[in-house]
Amino acid sequence: MKRITFFLSLMLMLVCVGSASAQTNPSYSYRKVASVGAAVTNLSDITDGGTYAFLSVGKNKYIKLNGLASLKLNNDASLTADDETDGLAVFTFHKVADAENTYTFETAFSGIYMKPVIDGACYAQETTSPSSFVISTTNVDGAGASAGTFYVKNSGNNVWFDMQDGQFVGWQGKGANAGYKIVPVTLSEETVTFRRTTVKLTCGDEEFYNQTSYLKDGTTISYSPVHSYYYTITAPENLVVSETNTEFNYIATLTGTIPVSFSTAESKTWYAIQIMNQGTRTVKAYYDSDDAAWHVMTVPSAFNSTDLADYASFNNAVWSFEQDGTGVKLYNKGQNRYLKWASGFATLESGAANGTTFYFAQNSDYNGSQGEAGFSLWTGSGNQYLNASERKGGVANARLGVWNSSGSKNDKGSCFRIWNVETNANLLAVGKDVIGNTTANEADETYVTSCTAADVSAAATAAASVTTFAALDAVYDNLNVPAADINADTYYRIVNANTINKKYISSENIFVGTDGNLSSSYAADNSIDRVVRRVTSDGSFVPMLWKLESNGDGTFKIRNANTKCNMSDYVSSGLDMPINVAAGGSYLFKAFPSATFTGNDGKTKFQMLISGHRINAFQGNDNNIICDYNGNNDNDAGSYWQLEKVSSVPVTISSSGYASVGFPFAVQVPASSGVKAYYGRVAEGDVLTLTEIEDGIIPANEGAVLVYEGGKVVNLDIVSTTKTLENKLVAATAKRIGFTADDNYMLGVDATDANKVKFLKATITSVPANKAYLPATNIVNPAAALSFNFGNMTGISDVVNNAEGNVQYFDLNGRRVLYPANGVFVTSEGKKVFIK
């Protein structure tokens, strides 16, 4: 059902509508005033259960209940039996036991009591636990006034009765308006009754209006609902409130033709709109930088591909009509905003609640041949009609506003004519023509970019064959999906756009079994952590790498480099990683150029969308999971992600001069780095024979040792290769768990043998991610530690970190070196050494 607030003019003596009260009884009654006595002069004169009125000394006005809810200053300076409303100024004083001069004040309506006073409008409420008040002969400063002047305060705090012009309030408890007379009142047996009354406007099963209030018996309902010309309103026959007549249903009957097809959230009908004055003028959204606001312009041009340069301009000239009771709101497609008029020129505002409701009126200037329909749009007040009445830049009729004149209804500037974009082949053709004019974004070297030149070209090709506006819209919308710039062979880091530290999505907390499969570790322990988490920039690098595998429909599987598993379907407690490598969710990456979060470039920052959810960096630095954050909105930076293109992997070679590596992809050591890469060709006894990888290319899933004297950080290029190695070293891509002690050997420094770097028998039962290890099963007669033999040089048994003893040194070409320094040398004892 739809509801709208209409102009409601109820000519009532008293109306009860109050936000501070929630009365539920079908009726409330109070007694009229019989007589008014002299004000009391002493506190002892006040009786428990007596009926009194409060008279402001400073204002000479009575506190009077306004209907059932608000306590307000009444304009009358006296109470009489002749005015039946004066009974609303009477309160019953109830003494609070064991509290001196403390009372509750029951209003004229039984069971409704005064609430504590505040600095502002004061109220009453229906309650069985009423608030209490203290009556004193002195004010907050301890000063008194003439006899019979009293000061009243909340018993729970130091807020006192006061008076402003037109309103009873709470205040400081001093000054002329703080004093009150307490006047005894005698009540008659004659009562006045207020009844809960409902006024409705319906059309068939649809309810346009429903207002409930408490109205006095004998009140005549006077309700004139504003409506569009195609409705006829029928009022109830009996409009007088009584015990048997409290429901008033006005009937709206559709007696004319609605000139448009109304849109809903689920179904939109789009129109081009023009006005008829000064030739052809197209109605479109326009951003005015002078006013920093969206205006509604009437542009002296036709709806064609020359005057609407691109698809964004096309959409700015497309509108829908949304029914709002017996009226309509106008919605602009390009800006996703509603037309609003308050004064001056019309603007566009976000949210239906901010849009103005207009009412269709028939315009005599429309002759039926100048569009699919024509009409005027009335504000519902006087002669105010939406009109091309506002100037801009000295140009008349340039903007929509409202013209208030006896002739405004039938003025050409108030006459709107429309065309349905969906069914008008010429208008659809305009949209198809201009979609290829979309300004392309330059591709970014660092991040994936949407709406590139390739995307625009593909959109233009796709647009040529569409037959519906919805399909054309989908083609344009897809320009915000980075199809052309995502490469199936590229690895990406997924980086949150918010200003947080934990912004990189990683698998570093997810461990695989001894065979490198997540299914194996899960089979051994189904409670293992499989939640995908966010880490800081200094986290392990390779677990942050993902490939995007296209599903062919604009969505992607997101596969982790290390685990070979995908990100899951939506999980409200945080996305995780299924153990089945073929399973996982299908994600759409989409830019929202209109989003207003700080730093939005509209092209490299994307929402990750799945099953109606925006994936968010949930709770920022206070958490590390990713999921939908309470239906987060389009302007939340935490819901945007950048796809950072990765072409190399940083590796730190320690000061020992060695690092072991193992990656799920092939890498190449840059020749200019000076770093050498080796694989393990033979492992026997206490020797591991290392062979140099001369081209520097380490195939995927192969373990290797990097050597550089003194250590450094080297960036290894990600490459592709078909080469293989006869290698004893194994790569642990994701961290492998489930081994037993002594199963493997790992690179380390042998503290028991002069800090020589060796492959040592591991007592731990896991292997870190992206490290090489040597399984004991790959060694013939394995010793406790394996020294290095580089290549085919016989007699080399290990490698040390510095020169030892009084020996002769030779370079790798066999030439003797008298003073070896900073390099690799072979000793006369057949050992290969590094000298720093």
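Start by selecting E692, a partly exposed residue at 32% relative accessible area; here buried means under 20%, exposed over 50% and partly exposed in between, using a 1.4 Å probe and protein chains only. K676 sits in strand β42 (residues 676–684) and E692 in strand β43 (residues 687–692), so the pair ties together parts that are 16 residues apart in sequence. While you're on charges, pick K32, E84, E190 and K216: salt bridges with shared partners join these into one network.

A word on what you're looking at: this is a predicted model, where local features need pLDDT of at least 70, side-chain atom pairs count only at pLDDT 80 or more, and totals for chains, interfaces and linings use all residues. Residues are numbered from 1 along each chain as its sequence is written, and side-chain values use heavy atoms, with hydrogens and water left out.

Color 9 strands in the order β40-β45-β42-β43-β53-β50-β49-β52-β47 and you have an open sheet with mixed pairing. Strands here are DSSP runs (E, at least two residues) and helices are too (H or I, at least four), numbered from the N terminus; two strands pair if DSSP finds at least two bridges between them. At the edges you'll find β40 (658–662) and β47 (730–732), each pairing on one side only. Neighbouring strands in this sheet are turned by 45° against each other on average, direction ignored, with axes fitted as lines to C-alpha atoms (angles in general run from 0 to 180 degrees between N-to-C directions, and helices are fitted over the stretch in contact).

For a close-up, select 744–750 and 771–775: these are β49 and β52, antiparallel and joined by 3 bridges. Y745 stands opposite L774 of β52.

Then hop to another sheet, an open antiparallel one of 4 strands in the order β39-β46-β41-β44. Its edge strands are β39 (648–653) and β44 (697–698), each with pairing on one side only. Inside, β41 (residues 666–668) and β46 (residues 712–719) share 3 bridges in the antiparallel sense, and V667 has I718 in β46 as its bridge partner.

Time for the greasy bits. Which residues have the most contacts inside the largest nonpolar core? Select F321, L330, L339, L377, L400 and F416; the core has 41 residues. Such a core is a set of buried Ala, Val, Leu, Ile, Met, Phe, Trp, Tyr and Cys residues joined through side-chain atoms within 4.5 Å. A second, separate core of 31 residues includes I486, A591, W641 and A734.

D291 and R399 meet through their side chains at 3.7 Å, N to O. D291 is in the loop between β19 (281–288) and β20 (293–299), and R399 in strand β28 (residues 395–404), so this pair ties together parts 108 residues apart in sequence. R399 counts as buried at 8% relative accessibility, while D291 is partly exposed at 38%.

How values were computed. Salt bridge = Lys/Arg side-chain N within 4 Å of Asp/Glu carboxyl O.
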